[in-house]
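Visitor: I have a model open here and would like to go through a few of its details. Could you take me through them?

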Amino acid sequence: DMHDTGWKRVVLKLSGEAFAGGSELGIDPSIVQFVAEAVAEAASEGIQVAIVVGGGNYIRGAELSEGGMERGRADYMGMLGTVINCLALQDFLERLGIETRVQTAIHMSQVAEPYIPRRAVRHLEKGRVVIFGAGLGAPFFSTDTTAAQRALEIGAHAVLKGTQVDGVYDSDPHRNPNAVKFDRLDYNEVLTRGLKVMDATAVSQCMDNGLPIVVFDLMGQGNIVRAVRGEKIGTIVCP
Ligand code: UDP
């Protein structure tokens with residue numbers, strides 16, 4: 001059951017929180033392995049996959065700054081955290097035989113290329129998986145917004161947000177057993193009802209540019225491959 005998308009290039013957004021899995025410290029290798037296997041399968045089908053990785057398993061700038069830190073510095077710490085996740089994902093992907101490049105918005109040439117959009121596109125055309133780290137390189141933004149911006153800049157056809165819930169609901173499904181899941185939404189509804197898809201900056205950027213967003217359960221068996229293929233899964237927000 002396809003959306004009839006014809007997507008050839010997608011941006012997959014992975015929350016940092018997912019990487020933590022059951023482990024107390026940072027990264028659960030079994031989760032990264034699971035994600036890497038799915039990405040490897042999707043990439044081997046010929047769809048170009050770029051990935052934006054979050055860092056919520058280490059630091060969220062907004063939360064740290066509530067404790068008194070300067071927001072800008074806390075956000076930079078958050079961005080650095082995302083790079084740790086990028087390197088973990090790169091390692092697992094390469095051990096599965098998938099060529100990858102990490103590009104970061106904050107320069108750190110020993111571990112990653114700088115973000116160079118045209119070079120990222122070239123990597124994708126050669127079948128490499130490109131992993132974007134350090135968000136936008138600017139505080140007061142999120143990795144969701146990064147996913148939207150990177151998708152637009154590299155000409156991706158959709159943002160696929162893998163998260164802990166299996167789509168977008170009219171209320172919190174963990175609290176309200178009668179919560180109703182949406183199959184499809186338009187951007188305005190997301191914004192006016194304050195639905196949890198991505199933050200408002202990311203959603204409005206997608207809206208302004210007609211970029212579809214798919215929200216799906218990252219850890220469901222086969223879900224990443226289905227999302228990348230454009231099969232019907234989770235909730236789609238589109239024009
Ligand atoms: N961050 C930022 N600018 C960006 C992207 C991320 O300042 O462009 C910081 C921000 O502090 C954020 C943290 O990095 O809380 C981790 O990213 P995010 O919260 O988006 O990760 P996720 O929730 O996806 O795990």
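This is a predicted model: local features need pLDDT of at least 70, side-chain atom pairs count only at pLDDT 80 or more; totals for chains, interfaces and linings use all residues.

Visitor: At what angle do helix 6 and helix 8 pack, and how far apart are their axes?

Guide: Helix 6 covers residues 143–153 and helix 8 covers residues 200–209; they pack at an angle of about 20°, and their axes are 7 Å apart. Because angles under 35 degrees count as roughly parallel, helix 6 is described as roughly parallel to helix 8.

Visitor: Is the crossing left-handed or right-handed?

Guide: The crossing of helix 6 past helix 8 is left-handed.

Visitor: Which residues meet there?

Guide: From helix 6, the residues are D144, T145, A147, A148, Q149 and L152; their counterparts in helix 8 are T201, A202, Q205, C206 and N209. Sorted by class, this contact has five nonpolar, five polar and one charged residues.

Visitor: Changing topic: where is N223 found?

Guide: N223 belongs to helix 9, which spans residues 223–229.

Visitor: Is N223 buried, exposed or partly exposed?

Guide: N223 counts as partly exposed, because it has 19 C-beta neighbours inside 10 Å, whereas a buried residue needs 20 or more.

Visitor: What does N223 touch beyond its sequence neighbours?

Guide: Leaving aside residues up to four places away in sequence, N223 touches F216, D217, L218 and I233. As for T192, 31 residues away along the chain, its C-alpha atom is separated from that of N223 by 28 Å.

Visitor: Finally, what does UniProt list for residues 8–217?

Guide: The unreviewed UniProt entry lists them as "domain: Aspartate/glutamate/uridylate kinase". In the model, this span is 42% helix and 20% strand, with its end C-alpha atoms 21 Å apart.

Note on methods:
Residues are numbered from 1 along each chain as its sequence is written. Axes are lines fitted to C-alpha atoms, for helices over the stretch in contact, and angles run from 0 to 180 degrees between N-to-C directions. Helices (H or I, at least four residues) and strands (E, at least two) are DSSP runs, numbered from the N terminus. Angles under 35 degrees count as roughly parallel, over 145 as roughly antiparallel, 65 to 115 as roughly perpendicular and the rest as oblique. A crossing is left-handed if the near helix is turned anticlockwise from the far one by less than a right angle, and right-handed if clockwise. Two residues are in contact if their C-beta atoms, placed from the backbone, lie within 7 Å. Ala, Val, Leu, Ile, Met, Phe, Trp, Tyr, Cys and Pro count as nonpolar, Asp, Glu, Lys and Arg as charged, and the others, Gly among them, as polar. A residue is buried if 20 or more other C-beta atoms lie within 10 Å of its own, exposed if 12 or fewer, and partly exposed in between; C-beta atoms are placed from the backbone. UniProt positions are given in the numbering used here, feature names are shortened, and annotations may be inferred rather than shown by experiment.
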